Each structure stands twice: as structure tokens, then as C-alpha cells.
Amino acid sequence: MSTTEAAASGTTANDGERKITRSDLVKSWLIWTFFSHSNYNYERLQASAFAHAMTPVIKRLYGGDKEETKEALKRHLVFFNTAPDFGGVIHGVTIAMEEQKANGEPITDNAITSTKTGLMGPMAGIGDTIGQGIVTPLLLALGISIAGLGTAVQQSGDLSGATGNPLGPILYFILVAAFSLGVGYFFYTQGYKQGRTFITSVLKSGLMEKVILGASVLGNIVLGGLTAQFVKVYVGWTVHAGDTQVRIQQDVLDKILPGLLPLGLVILTWWLLMRGWHPIKLLVIYVIVCVVGAIPFMGPEPHYITDACGSSILQPYGPCPDPVPADTGGE
Amino acid sequence: MVKNPKGERRLTRGGKISLVISTLVVIIGIPTAVQAMTFTETEAAPVVTISLFQAILIGLGYYLSQSPWIAGLSFWTLNRPLVAGLLVGIILGDPGQGTLIGAAINLIYLGFISAGGAIPGDPGLAGWVGTTIALAGNLNYGAALAIAVPIGLLGTVIWNGRMTVDSLFMHAADRAAERADIGGVIRANVLYPQAWLFLITFVPVTIAVYLGASFIGDVINGFPVWLLGGLAIAGGILPAIGIAMNMKFIFLGSAIPYFFVGYLVMVVLGNEVSIMVLAVIGVALAFLHVTFLGDRVHSANKPQSPKMRKSEETEATR
């Protein structure tokens, strides 16, 4: 009953041509934006989300035809995983292909699936490099700085009574949301407009490789900067050679290259990760090393959180102060 | 209109549900925020006790941080300790300090990256519960991080439970597709997994926060000073893991030297400069690099995404 209804109205509308409207496209984008990770699972990752995002399209193109609807739903319930924002281009392309297929062009299920699988890797590559690799850490670092987690707070170590600036997280929220939604909408609609041939030709032309390379250059600079700003290793170890005290950090390591330790630590971590170490394993090891490094076996046990200097190998909140005045130390 | 009336009605119903939930968030969230903001002007009392209502809000917040209802942006926003810290602060009546604690916890997850569904700790749980305990127990910096790290690891259990059980709903979607039941596919993508997610996020977090936050805070406050110091040291060292995880995908080929450029520029400028300045320099250098490399980009080492890599990892021997 509804089959004939839809078919009849379809024929009267546009000479039998089935067309996706703009609102279908926007609806599909909204569904994908909201629910891309709603049913994220180990078996097929974003598969059901993809099928969900296709539902406005399927209704429009195959509305009422049970067999076609079934085939279309099954077609989109296959393994899928990509970046939720940049990956939207794949949905756009798929919608365009579905539209052509519904209008009788010889596009097989296989062609649609292989287009999806072929594009999801490169788009995830671009999306992860730019989204997770650059934009998020960058905006987070900005938000954290505005929130006021400066060296002052870290040095006193006492968060009680200290207040941060809520503008930091609010600004981060707005910027990251604008970025994600803007990019998502642009790629979704462009994918539909430009279609498969254009997208694959762009991917083949090497433009995307240039974008990824440029993004990695920017990403490396940002990560380098974040390393300097936020990775802190302070050595409290002091060697007594007769009358002279040699502070390992200030008098030796910082003389070689300022901030040698954080840089070395990050490179070491990177090297271990590249050799297949699991990040959680590293995390546990690092915490243990830090706690062991804080055991005050070389000097008096600290009474307040900042006076660990000299009694343990590692110390929190900043380098040891210069040892010149002996009377200004305590409060 | 070429609309299938039946299907159309289903979709709007789904839209309504999401609209209702989003509206609820706003209706509950904004008055709470306003109330909290007005309360804290003169607030200086150190001990925060958590009421059942606050615990429920925190549990709800953690659920939202994993849910699709914030326009799918939760992963970028509520899941980050920086944002979670502010919201917990608002709920517990001290937005300023909440922000600060959230920012401190977020340092550990600065370079956090989710690769093909595998996560190294859950920044969301660390942010929501970690900030709550830190505020309730009036913890210092080291102690706040001390609690955030294990909580973040615990969060991976929730995450794995979700990713595993969600696989079942894929089969519900398959069956619905077999019946050409569009509504069934939508339910399999939204209703069942979200009900399950609500169960494994909201319930344990609300109970844990209501019954345990002050207690855990007290226990941690009983730690010796040197141990708290050690955990604060970890707070300075752990960002290295997140940064290195990101480097795994971009610290490659001809882009490698730029890491050292970024590092040394920041060190030489004494960490005083905003990261945005560095980003602008980075854009300029990226443009120059790509332009001068021209078509030889192909031969340069291609960076790989975690999601691409994931499929390769199954083949590679670990």
C-alpha cells in the first residue's frame, strides 16, 4: 500500500527521478554528528552509526520498497571506522552514489562498500592528524593556560583556595565545537556535491599528502612546544665534592642543553611506543619510578610538599633553589 | 511530498527524544550553574560534602561525557578533564577551583589520542571523579593527580565493557535490517547502547561519588608528604606519554626536525609565550616546507593515522 503511494508520488514529482533534498542531507549529517559513536563497538566500530546516518537517504530513495530498503540497510551495516568530522566526506560521496544507484545507474553494492572502505583510512588519517593530533592539544593547552594553571600553582602545589579562570574551559569548548562542527558540515556537503570521482582524484593528486605533511610539520612544532611547557622533570640530587655542591640538574644537565630531561623523556617514550610498548604499561612504570624517585633516602623527610629538595632524586614543583642563603628557606 | 509517512514519524520521534534530553541538560545545567556561581562569591570553607543530588548530577555528567547528546561533541568537550573540572566545580559550588583541578588533571591527557577504539586511560572518568574527590577532600596538586591516574585506568574497564557489549547490538541491527525495519536499526544504534552506557556509567559513578568521595579524599590526605610529592612528579612526567602517543603518528620523515624547533623556541622564550604564537609560526613553516618540497612530497615519509595503523597492527607481530 505505501509502496504504491510512494512510487506514485515519486513519479509525479520529477519524471521518476529520485532526488535527495537538502534537508535529507542536513538530516543525515546531524544524525551522523550526534550518533557516530553511539554504538561504538569492537566488532564493526561505527557500522550501525553509518546505517543510521543513511536512514533519511534510504527513506527518500527507497521509501516503501521493502526489498530495496533491506538491501540498503544491510549494505551500510558493514565494518566502518573513520574520523567523525573529516570522515563525513565519505557519507557525502556514499549518498551521491546511492542516489545514482536508485536512479538506475549500474552501481553495485560492492562499488559502494569499496568506496567507503577505500576512503575511510585516508580520511581517518587526515582527521586524526589534524583533529586529535594538532587542534585538540593546541586548544587544550590554550584552555589550560587561560585557566591559570601556571607555574605558580604548580610550584606551591597547594590547590586549596586557589581559583582558576572558568573562561579557559569555556573558550576551549566553543573553539573545539566550532572546529568540529564546521569541518564536519563542510566535508559532508562537499562529499555529496563533488562526488566520488572528484574526491578520489583529489586523493590521488597528492594534495592530501601535502596537507598531511603540512599538518605534521605544524603538529611537531606544537608538540615540541607542549613538551617544553608541560613536561617537567626536576632532579633534586646534589653531589657533595668536598666543599662544593654540584647540583645535577642546574650545574650539569642544564649546562649541556636547557630542558634536556623533558626532551629526552619524550623521545624515550616515543621510542618505547614505537617498539610496541603499551601506553598503560608505560604509565604504570612511570608512576612507580616517580614514587621511588621521591623517597627521601638522602636527607630529611619533607614536612611540607615543597621542601623535598636535596633529600630525594626527583622532586616536584620546580628546580631546587640556589643554596646561597640559608636563612630564607623556611616559612 | 515524496515522504513515507510511517518512516517520517519515526525519525521525528527520535529527534524529539534527543531534543528532550538536550533540553533537560540545559534546564538542569543552567540553574545549577547560576546557583553555584552566586553561592561561591564568598565561599572559603574547605570541606565539601557531596549530597545525593550532586552525586546524581556528577553521574549524569559522566554519562553525558560518553553519550552522543551534546551534538556528538562529548569526546572533544565533556570528556576532557579541563571541561569536566569546571562542570564538577559548578556542581559542587566552586567553579574556580574545579577548573584549576581539571586543568591539572588534563595535563596527563594533553596528547590523548583514541586509536581505532583503543584508549590509554579514560580522561572522562579521571576528570569527573578525580575533580570530585579532589574538591571533596580539599586535596593538593600531587594528591589530585594521584587519584586521577588510577581512576583514568579504571575508566578503560567501563570503555571496554561498552565496546564489547555494543557488539551485541550490531546483531540486533542486522536482524532489523533483514526485516527492512529502519526504526529497528535506529533503536539498535541509539536506544540499546545508550541504555547500556547509562547503566555502566551513571550508576557506578553516582554511587561511588556519593558514598566514597570524601572517604577516598581522607585516605589520600593521610599519605606521607614524600609520596604525594612523588605523585606530583608523575604529574609533570605523564604528559610525555600522551605527547609521545601523538608523535607516533607525525614524528616521521622530513617533519621530525620541526619537533626540536618547536621545543627549542619554547625553551628559549622561557615558556612565557602563548602556544598560539608557536602555532602561527608552525603554520608558516608548514606552508614553506610543503611549498618547497613541491611534488617530492610523495617520496617523503608518509605519516599514518592510528585508525589506518590499527588494521596493520593485527598483521604486525608485536
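Among contacts in chain B between residues at least 6 apart in sequence, 77% link residues at least 24 apart. Two residues are in contact if their C-beta atoms, placed from the backbone, lie within 7 Å. The model is predicted: local features need pLDDT of at least 70, side-chain atom pairs count only at pLDDT 80 or more, and totals for chains, interfaces and linings use all residues. Residues are numbered from 1 along each chain as its sequence is written, while chains are lettered from A and ligands numbered from 1 in the order in which they are written.

**Chain B**
- Chain B has 12 helices and 0 strands. Helices (H or I, at least four residues) and strands (E, at least two) are DSSP runs, numbered from the N terminus.
- Of its 318 residues, 54% count as buried. Buried means 20 or more other C-beta atoms within 10 Å of the residue's own, with C-beta atoms placed from the backbone.

**Contact between chains A and B**
- Chain A gives 134 residues to the contact, and chain B gives 127 residues.
- On the side of chain A that touches chain B, helix α9 (residues 207–230) of chain A supplies the largest share, 20 residues.
- That side of chain A has 71 nonpolar, 50 polar and 13 charged residues. Ala, Val, Leu, Ile, Met, Phe, Trp, Tyr, Cys and Pro count as nonpolar, Asp, Glu, Lys and Arg as charged, and the others, Gly among them, as polar.

**Ile134(A)**
- Ile134(A) sits in helix α6 (residues 109–147) of chain A.
- Ile134(A) is buried because 24 other C-beta atoms lie within 10 Å.
- Leaving out residues up to four places away in sequence, Ile134(A) touches Thr129(A), Ala215(A), Leu218(A), Gly219(A) and Val222(A).
- Ser216(A) is 82 residues from Ile134(A) in sequence, yet their C-alpha atoms are 8.4 Å apart.

Notes
Buried ≥ 20, exposed ≤ 12 C-beta atoms within 10 Å, placed from the backbone.
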